[in-house]
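Here is a friendly walk through one protein model, with a pocket, a few strands and some individual residues along the way. Have the coordinates open as you read.

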Amino acid sequence: MSTPPADPGTIRLVLVDDQALVRAGFRMVLDAQTDMTVVGEAGDGQAALDLLHETPADVVLMDIRMPRMDGVAATEALCTRPDGPRVIVLTTFDLDEYAHAALRAGASGFLLKDAGPEELLSAIRSVHGGDSVIAPSTTRRLIAHFSDQLGTSPSSSAPAEEGPRLADLTAREVEVLRCVARGLTNAEISADLHLAEATVKTHIGRILSKAQLRDRVQMVLLAYESGLVDVRPRS
């Protein structure tokens, strides 16, 4: 399902979910915004790929569990397209098992399906602006949920210099990366490390460049998968 082209400057959105009522609920909120418009809907990943081949979009809200093609495969396909849309993965409160895979596939973040309207709108605007969406509380739940899959534990944390993708980072950049992986905002990192917030942003930019990462989400995943940050196994 698609709509006429959006006005220039408007964030063009595509909703991908196999439940029509969920899509309708999101559309009501999003189309009410002056800077957003829903340009299409799809009920599964393959339908989304077909739609986005013909309909330009800026941000895709992508469900995970869908028939025919799930959100992980669709996200991976979209994120390999030149100038493709950015993807926000939608997941349940309990963080279903595919969320981590979707982030690795290239998603710019994820939201819980029960997120409030303001959180949803803020996330879309952030992602459209080039940032990522990974709230501190959600980060902690994600890492706790996937601690076994990440293969790290409090006793197996490795020094940062042992990770090949971290080898070029300075000691301060490693500190900043560790803070990002803990789910701290730039302001919180600034206070924690006694740095100006502008300096924190500079360090993050250098980390992204040196480690060849796309955004903050990939920073978090790299830090945990490299053993830079301890993961406490689930009880």
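The model is a predicted one, in which local features need pLDDT of at least 70, side-chain atom pairs count only at pLDDT 80 or more, and totals for chains, interfaces and linings use all residues. Residues are numbered from 1 along each chain as its sequence is written, and side-chain values use heavy atoms, with hydrogens and water left out.

**Overall picture**

The protein has eleven helices and five strands. Burial is judged by relative accessible area: under 20% is buried, over 50% is exposed, and anything in between is partly exposed (1.4 Å probe, protein chains only). By that scale, 49% of the 235 residues are buried. Accessible areas come from the Shrake-Rupley method with a 1.4 Å probe, and for residues only the protein chains shown count as cover. The accessible surface of the protein is about 11,200 Å², and 50% of this belongs to carbon and sulfur atoms. A contact means heavy atoms within 4.5 Å. Among contacts in the protein with a separation of 6 or more, 69% join residues 24 or more positions apart.

**The second largest pocket**

Rolling a probe the size of a water molecule over the atoms shows where empty space is left. The search runs on a 1 Å grid over the protein atoms alone: a cavity is a set of points where a 1.4 Å probe fits but cannot get out, whereas a pocket is an open set with protein on both sides within 12 Å along at least five of seven lines, and lining residues have an atom within 4 Å of a point. Grid points are joined across faces, edges and corners, and a volume is the space filled by probe spheres set on the points.

The second largest pocket has a volume of about 160 Å³. Its lining is made up of L103, R104, R165, L213, Q218, L221, L222, E225 and S226. Two elements, α4 (99–105) and α11 (216–225), each give two or more residues to this lining. Which element supplies the largest share of the lining? That is α11, with four residues. For the class count, Ala, Val, Leu, Ile, Met, Phe, Trp, Tyr, Cys and Pro are nonpolar, Asp, Glu, Lys and Arg are charged, and the others, Gly among them, are polar. The lining then has four nonpolar, two polar and three charged residues.

**Covered strands**

In a regular strand the side chains alternate between the two faces of the sheet. Strand β4 (residues 86–91) is largely enclosed by the rest of the structure, because six of its six residues are buried. Two strands pair if DSSP finds at least two bridges between them. Strand β3 (residues 59–62) and β4 pair in the parallel sense over four bridges, and the bridge partner of V59 in β4 is R86.

Strand β2 (residues 36–42) is mostly covered too, with seven of its seven residues buried. Strand β1 (residues 11–16) pairs with β2 in the parallel sense over six bridges, and R12 has T37 as its bridge partner in β2.

**Residues to click on**

Q212 sits in the loop between α10 (197–210) and α11. Although Q212 is not a glycine, its phi is positive, at about 55°. Leaving aside neighbours within four places in sequence, Q212 is in contact with R165 and I207. R68, in the loop between β3 and α3 (71–79), also is not a glycine and has a positive phi of about 70°.

T170 belongs to the loop between α7 (147–150) and α8 (171–181), while D192 is part of helix α9 (residues 186–193). Not counting residues up to four places away in sequence, D192 touches C179, R182 and L184.

Here are the relative accessible areas of these residues.

| Residue | Relative accessible area and class |
|---|---|
| Q212 | 70%, exposed |
| R68 | 65%, exposed |
| D192 | 39%, partly exposed |
| T170 | 36%, partly exposed |

Q212 and R165 are 47 residues apart along the chain, with their C-alpha atoms separated by 8.3 Å. T170 and H203 are 33 residues apart in sequence and 9.5 Å apart, C-alpha to C-alpha. For D192 and C179, the values are 13 residues in sequence and 8.5 Å between C-alpha atoms.
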